[in-house]
Each structure stands twice: as C-alpha cells, then as structure tokens.
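Please take a look at the model below. A brisk report on its folds, faces and pocket follows.

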Amino acid sequence: MHELAWIESALNDAFVAADALPVPVHALVELDWDSAVLQLTPSLRCHAMITNAEAIGSALSQETKPPEAVMREEAGFLWRGGGGPGGRARRRPPRPPPRGGRTP
C-alpha cells in the first residue's frame, strides 16, 4: 500500500515540478566532457519498489481489474515528459561484491 501512495505522491510532484529543456543531440558533441555536469530533470523521482504496485496503480486508474500483488526487486522512476507525468519500473542491476572481493 505504501508503494501506491509513493507513486501517487511522485506523480503529483512530477506534475508540478519545474520545467526542463532537453539538451539537443548536436550540443552533446560540443560539450567539454571532462568538466561536464549531469543535471537530471527536476521532475525525476526514484524509489526502490518491492511489489508490482505500478501495474496495480495503472489498472486502478484505468478502472480495470488489477493484477495480483507480486513481490519483486525493482526501482521505480517517475518523471514528467510529453505534457504529463510518466514512469517506469526497472529491474535493478545485481549488487557488486563488497569491497575486498569477498562475496557473502
């Protein structure tokens, strides 16, 4: 339930976030990459998700039957683009081994 609340809150935040202009592709060629600083869109929100809350929330907003709740390890990303909020859940990459090279 807390993940559905986070999604709703993040969508609201993304809707009212400051506007950001995309960098044109041709400008990337001219950048001094040694001193460049990456600045993400102000509307980006990230959250570790352990359920399929995104699919459940999407079904509820479309007034269709939601899927069964499933536990999984993903990161949720929400942002505003193309005139409205959007988002994706993506599988997190495997964690690197701890420093020192030993694995648990």
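## Glu 63 and its loop

Glu 63 is exposed, because its relative accessible area is 76%. Buried here means under 20% relative accessible area, exposed over 50%, and partly exposed in between (1.4 Å probe, protein chains only). Glu 63 sits in the loop between α3 and β2 (71–81). The residue follows α3, and its phi is positive, near 55°. Glu 63 is not a glycine. Most residues other than glycine have a negative phi.

## Basis of the model

This is a predicted model: local features need pLDDT of at least 70, side-chain atom pairs count only at pLDDT 80 or more, and totals for chains, interfaces and linings use all residues. Residues are numbered from 1 along each chain as its sequence is written, and side-chain values use heavy atoms, with hydrogens and water left out.

## Overall layout

The protein has 3 helices and 3 strands. Helices (H or I, at least four residues) and strands (E, at least two) are DSSP runs, numbered from the N terminus. Their order from the N terminus is α-α-β-α-β-β.

The protein has 104 residues, and 18% of them count as buried. Take the contacts between residues at least 6 apart in sequence: 56% of these join residues at least 24 apart. Contact means heavy atoms within 4.5 Å.

## Helix α1

α1 has 15 residues. From first C-alpha to last it reaches 21 Å, close to the 21 Å expected at 1.5 Å a residue. That expected span is 1.5 Å times one less than the number of residues.

Which residues of α1 are buried? They are Glu 3, Trp 6, Ile 7, Ala 10 and Ala 14. These cover an arc of only 100° around the axis, so they lie on the same side of α1. The arc is that of the directions from the helix axis to the C-beta atoms. Phe 15 and Val 16 are exposed on the other side of α1.

Val 16 belongs to α1 (residues 2–16). Its relative accessibility is 64%, so Val 16 counts as exposed.

Thr 51 is part of strand β1 (residues 45–51). Is Thr 51 buried or exposed? Thr 51 is buried, because its relative accessible area is 19%. Leaving out residues up to four places away in sequence, Thr 51 touches Glu 3, Val 70, Met 71 and Arg 72.

Asn 52 is in the loop between β1 and α3 (53–61). Asn 52 counts as buried, because its relative accessibility is 5%. With residues up to four places away in sequence again set aside, Asn 52 touches Pro 67, Glu 68, Ala 69, Val 70 and Arg 72.

In α3, the buried residues are Ala 53, Ile 56 and Ala 59. Down the axis of α3 they fall within an arc of 130°, so they line one face of the helix. The buried residues of α3 pack against α1 and β1.

## The largest pocket

The largest pocket has a volume of about 420 Å³. Its lining has 16 residues, and Leu 21, Pro 22, Val 23, Leu 38 and Gln 39 lie nearest its centre. A pocket is an open set of points on a 1 Å grid over the protein atoms alone, where a 1.4 Å probe fits, with protein on both sides within 12 Å along at least five of seven lines; lining residues have an atom within 4 Å of a point. Grid points are joined across faces, edges and corners, and the volume is the space filled by probe spheres set on them.

The lining divides into 12 nonpolar, 2 polar and 2 charged residues. Ala, Val, Leu, Ile, Met, Phe, Trp, Tyr, Cys and Pro count as nonpolar, Asp, Glu, Lys and Arg as charged, and the others, Gly among them, as polar.
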